[in-house]
Amino acid sequence: MKREVDEAMDERLAGIGRRTAALRPRAGFDDRVMRAVKASGTPGLFEDVLRAARAMVPVAVMAAALAMGWAVRTDRAADMSLAATFDAVELEW
Amino acid sequence: MRRVVRGDTDAFRRIVDATSEGLVRLGARIVGSLSEAEDVVQDSYVKAYQALTSGRFERRSSVTTWLRHIVTNTAIDSLRSRSRRPVPSDTIAESGWDGEAGAEAHMALAELNALLGALPPDQRAAVVLQSVEGHAVSEIAVILGCSEGAVEQRLVRARATLRERSAS
């Protein structure tokens, strides 16, 4: 029963598909589309800069990570040399 | 295609000329109105042109399938926003169709609209793509941008609703 109802519905929809095959846009539709496309404008300088900036994101992330690593290493070296100075001062005192 | 990517509107015009008829037919079958379908397809072409010129077309499918994907999604959005505005109704005089074939197509479109009116937009699009446009489930999944399982689920739910409505 369920299958018969589904088959009848499919047949009806396929029939509607055949009957609507004559549907087409009204005359001048393609011209209207092209006017809208041209009015929407091509991407300008801002979009070009944005696209280039988006492409640079992975490079920027890598550079930031390297800079962070370098800063941590330098900071640690500075701490060690500072600690050594304190030790020297204490010994002298 | 390279010329379109560089912003050549004449090259894009050739794509519009070759595809507009089928896309308007698809849009009309989903939204149930020729005038609304023309608006949907026009918006879709603008989106497609902007995507092409800004390098956002990833060539995962053919241009035609990709355009069908954009039109279907725009049509679904249009159906969803219907609750906020009146439903447009085509008249034969407005439609610009000539003769018996045009009148018959107009009547068939109204019949389809009445038949699928109770379905949510995504289920309605799935039914149109399968039973009216004749696409396989795998093609519908590409057009709707979801898995084949999700398409099957939408079709099962739609059939249950249509069965209930035809019984009552």
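The model is predicted, so local features need pLDDT of at least 70 and side-chain atom pairs count only at pLDDT 80 or more, while totals for chains, interfaces and linings use all residues. Residues are numbered from 1 along each chain as its sequence is written, chains are lettered from A and ligands numbered from 1 in the order in which they are written, and side-chain values use heavy atoms, with hydrogens and water left out.

**Stop 1: H2 and H3 of chain B**

Select residues 9–31 of chain B, helix H2, and residues 34–53 of chain B, helix H3. Helices here are DSSP runs of H or I, at least four residues long, numbered from the N terminus. The two axes come within 8 Å and cross at roughly 140°. Axes are lines fitted to C-alpha atoms over the stretch in contact, and angles run from 0 to 180 degrees between N-to-C directions. That makes H2(B) oblique to H3(B); angles under 35 degrees count as roughly parallel, over 145 as roughly antiparallel, 65 to 115 as roughly perpendicular and the rest as oblique. The crossing is right-handed, a term for the near helix being turned clockwise from the far one by less than a right angle.

Now show the side chains at the contact (heavy atoms within 4.5 Å). H2(B) contributes residues including B:Phe12, B:Ile15, B:Leu23 and B:Gly27, and H3(B) contributes residues including B:Leu34, B:Val41, B:Tyr45 and B:Tyr49. The contact has 14 nonpolar, 4 polar and 2 charged residues. Ala, Val, Leu, Ile, Met, Phe, Trp, Tyr, Cys and Pro count as nonpolar, Asp, Glu, Lys and Arg as charged, and the others, Gly among them, as polar.

**Stop 2: H4 of chain B and two partners**

Select helix H4, residues 63–80 of chain B, with helix H7, residues 121–132 of chain B. Their axes are 9 Å apart, at an angle of about 140°. That makes H4(B) oblique to H7(B), and the crossing is right-handed. B:Thr72, B:Ile76, B:Leu79 and B:Arg80 of H4(B) touch B:Pro121, B:Asp122, B:Arg124, B:Ala125 and B:Leu129 of H7(B). By class, this contact has 5 nonpolar, 1 polar and 3 charged residues.

On the H8(B) side, select B:Val142, B:Ile143 and B:Leu144; they meet H4(B) residues including B:His69 and B:Asn73. The classes are 4 nonpolar, 4 polar and 1 charged.

**Stop 3: the largest pocket**

Select B:Arg56, B:Phe57, B:Glu58, B:Arg59, B:Arg60, B:Ser61, B:Trp66, B:His69, B:Val142 and B:Gly145, which line the largest pocket. It holds about 230 Å³ of space. The lining has 3 nonpolar, 3 polar and 4 charged residues.

On a 1 Å grid over the protein atoms alone, a pocket is an open set with protein on both sides within 12 Å along at least five of seven lines, a cavity is a set of points where a 1.4 Å probe fits but cannot get out, and lining residues have an atom within 4 Å of a point.

**Stop 4: the largest cavity**

Select A:Val5, A:Asp6, A:Met9, B:Arg159, B:Leu162 and B:Arg163, the lining of the largest cavity. About 30 Å³ of space lies inside.

How values were computed: Helix = DSSP H or I, 4+ residues; strand = E, 2+ residues; numbered from the N terminus. Points joined across faces, edges and corners; volume = space filled by probe spheres on them.
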